[in-house]
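Please examine the sequence and the three-dimensional structure shown here before reading on.

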Amino acid sequence: MWLELGKGEMLTLYSYSRSTTSYRVRIALGLKGIVYTIRPVNLVAGEHRKPDYARLNPVKRVPTLVLEDGTVLTKSIAILDYLDQVVPSPRFCQTTTLFCARKCLALAAFDAARPEKQMDAT
Ligand SMILES: N[C@@H](CCC(=O)N[C@@H](CS)C(=O)NCC(=O)O)C(=O)O
């Protein structure tokens, strides 16, 4: 069943303006025409390390998408996958079995390769 996003199903996106992964999700939400509330998290000021945000996203990174029922989604590609399921057009993620497996591997490799303190906010 598809959610009627933008029609009463309010989403909240925790995002930093200069974060590449955040704007990946903002672009996706915009292209799909999904209405959402934005909650800025200033990475330069260290807001992502504050207890309130760390409770929401224990890896202390943006973006984080909170669904209306309180479900918390992290990792931009996982969020795009979710958005594709609830609002299929325009579709961003391929759905072949092999592609899905490769996507999981690529995401794991990306996370493993990044130094803990590095910030890709370019
Ligand atoms: N795999 C994650 C990576 C998220 C990520 O690394 N976000 C960066 C900003 S682009 C961040 O929050 N960095 C803060 C830090 O590393 O302290 C995703 O795709 O969402």
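The model is predicted. Its protein contains four helices and four strands, which follow one another along the sequence in the pattern β-α-β-α-β-β-α-α. Of the 122 residues in the protein, 20% are buried. When contacts between residues at least 6 apart in sequence are considered, 61% of them join residues at least 24 apart.

The four strands form an open sheet with mixed pairing, in the order β2-β1-β3-β4. Its edge strands are β2 (residues 36-40) and β4, each of which pairs on one side only. From one strand to the next, the twist averages 20°. Between β3 and β4 the pairing is antiparallel and extends over three bridges; Thr-64 has Thr-74 in β4 as its bridge partner.

Helix α1 lies across β1 (11-15), β2 and β3, and runs at about 150° to β1. One of the residues in α1 is Leu-29. Is Leu-29 buried or exposed? Leu-29 counts as buried because it has 23 C-beta neighbours inside 10 Å, and the threshold for a buried residue is 20 or more. Leaving aside residues up to four places away in sequence, Leu-29 touches Leu-13, Ile-34 and Tyr-36. Leu-29 and Leu-80 are separated by 51 residues in sequence, yet their C-alpha atoms are 8.7 Å apart in space.

Leu-80 belongs to helix α3 (residues 76-86), where Ser-76, Ile-79, Leu-80 and Leu-83 are buried. Seen down the axis of α3, these buried residues fall within an arc of 100°, and therefore line one face of the helix. What does this set of buried residues in α3 pack against? Their packing partners are α1 (20-32), β3 (64-66) and β4 (72-74).

Several backbone features deserve attention. Most residues other than glycine have a negative phi, and most peptide bonds are trans. Lys-75, in the loop between β4 and α3, has a positive phi near 70°. Lys-75 is partly exposed, because 19 other C-beta atoms lie within 10 Å, whereas a buried residue requires 20 or more. Lys-60 also has a positive phi, near 60°, and is located in the loop between α2 and β3. With 17 C-beta neighbours inside 10 Å, Lys-60 counts as partly exposed.

The loop between α2 (51-56) and β3 also holds Pro-63, which is joined to Val-62 by a cis peptide bond with omega of about 5°. A cis peptide bond is likewise found from Ser-89 to Pro-90, with omega near -5°. Pro-90 is placed in the loop between α3 and α4.

Notes:
Residues are numbered from 1 along each chain as its sequence is written. This is a predicted model: local features need pLDDT of at least 70, side-chain atom pairs count only at pLDDT 80 or more; totals for chains, interfaces and linings use all residues. A residue is buried if 20 or more other C-beta atoms lie within 10 Å of its own, exposed if 12 or fewer, and partly exposed in between; C-beta atoms are placed from the backbone. Helices (H or I, at least four residues) and strands (E, at least two) are DSSP runs, numbered from the N terminus. The arc is that of the directions from the helix axis to the C-beta atoms. Two residues are in contact if their C-beta atoms, placed from the backbone, lie within 7 Å. Two strands pair if DSSP finds at least two bridges between them. Axes are lines fitted to C-alpha atoms, for helices over the stretch in contact, and angles run from 0 to 180 degrees between N-to-C directions.
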